[in-house]
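These are my notebook entries on one structure. I looked up its pocket, its metal site and its core, in that order.

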Amino acid sequence: MSLAFLRWGVLILVCLIAPLATAAEAKKLRRPKAKGAKLVHVQRGERLQHAAAAAFKRMHESARTEGVSLRVTSGYRSRQEQRWLYERYRKGLGPQAARPGRSNHQRGLAVDLVVGDVSTTTYEWLASNACRFGFRRTVASEPWHWEYRPRTTRAPAKGQDCLGRDTTPDLQDTPLAKKDPS
Ligand SMILES: [Zn+2]
């Protein structure tokens, strides 16, 4: 009898604790990770978490020198902004948007850019170069959405771009150029 009682006791405990743990997990998810992390203005009133902003600015400058303009349409979003976008999406009034708490825009790590489609010069530049700055695509259906994920974004091998294609070698880097002082 006591064994059966113990089994029921354990089962009841698990039933009581499991929802609490799930609720705690959900609360953690709801809390934007950007809280406490400094947000920095990047462009047109849009902000990113400071490390992401610094990387974006370097990427923006690099693109600019190659004649490519990176225009931001969305950076950091508050929970309220994300909820508004999500509601619009749910009602069929706006583009796809993640549920509040599930978007890296709330952490200040995601940036939406004007890319057109995947055949544009801007998109091509990003696909070839963004990984060098820690940015990569994370949503298959959203070519405009790029996230700053420096730890899991692999830099290209020497002499290659982010797509693994060979880049033109820089003459100044060749041993011949180094030996010749003129
Ligand atoms: Zn986005």
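Entry 1, pocket. I listed the lining of the largest pocket in this predicted model and found 23 residues. Arg77, Gln96, Ala97, Glu142 and His145 lie nearest the pocket centre. I noted a volume of about 360 Å³ for this pocket. Strand E3 (72-74), H3, E4 and E6 each supply at least two lining residues. The largest share, three residues, comes from H3.

Entry 2, zinc site. I next looked up the donors of the zinc ion, which are His105 (NE2), Asp112 through two OD entries, and His145 (ND1), at 2.0 to 2.8 Å. Along the chain these donors follow the spacing H-x6-D-x32-H. His105 lies in the loop between helix H3 (79-90) and E4, whereas His145 belongs to strand E6, so the pair ties together parts that are 40 residues apart in sequence. I recorded both His105 and His145 as buried. I then asked why the arrangement around the zinc ion is irregular. The four donor atoms subtend angles of 51 to 155°, and the arrangement is irregular because of these angles.

I found 24 residues in the largest nonpolar core; Phe56, Met59, Leu126, Phe135 and Trp146 have the most contacts inside it. Helix H2 (50-65), strand E4 (110-113), helix H4 (121-129) and strand E6 (145-148) each give at least two residues to this core. H2 contributes the most, with six residues. Leaving aside residues up to four places away in sequence, I listed the contacts of Phe56 as Val42, Gln43, Leu48, Leu70, Val72, Val111, Leu113 and Phe135.

Methods
Residues numbered from 1 in each chain as written. Predicted model: local features only at pLDDT ≥ 70, side-chain atom pairs only at ≥ 80, totals over all residues. Heavy atoms only, no water. Core = buried A, V, L, I, M, F, W, Y, C linked by side-chain atoms within 4.5 Å. Buried < 20%, exposed > 50% of the residue type's maximum accessible area, 1.4 Å probe, protein only. Helix = DSSP H or I, 4+ residues; strand = E, 2+ residues; numbered from the N terminus. Contact = heavy atoms within 4.5 Å. Donors = N, O, S within 2.8 Å, 3.2 Å for Na, K, Ca; no water. Tetrahedral: all angles 85-135°; square planar, octahedral: opposite > 155°, others 65-115°. 1 Å grid on protein atoms, 1.4 Å probe; cavity = no way out; pocket = protein on both sides within 12 Å on 5 of 7 lines; lining within 4 Å. Points joined across faces, edges and corners; volume = space filled by probe spheres on them.
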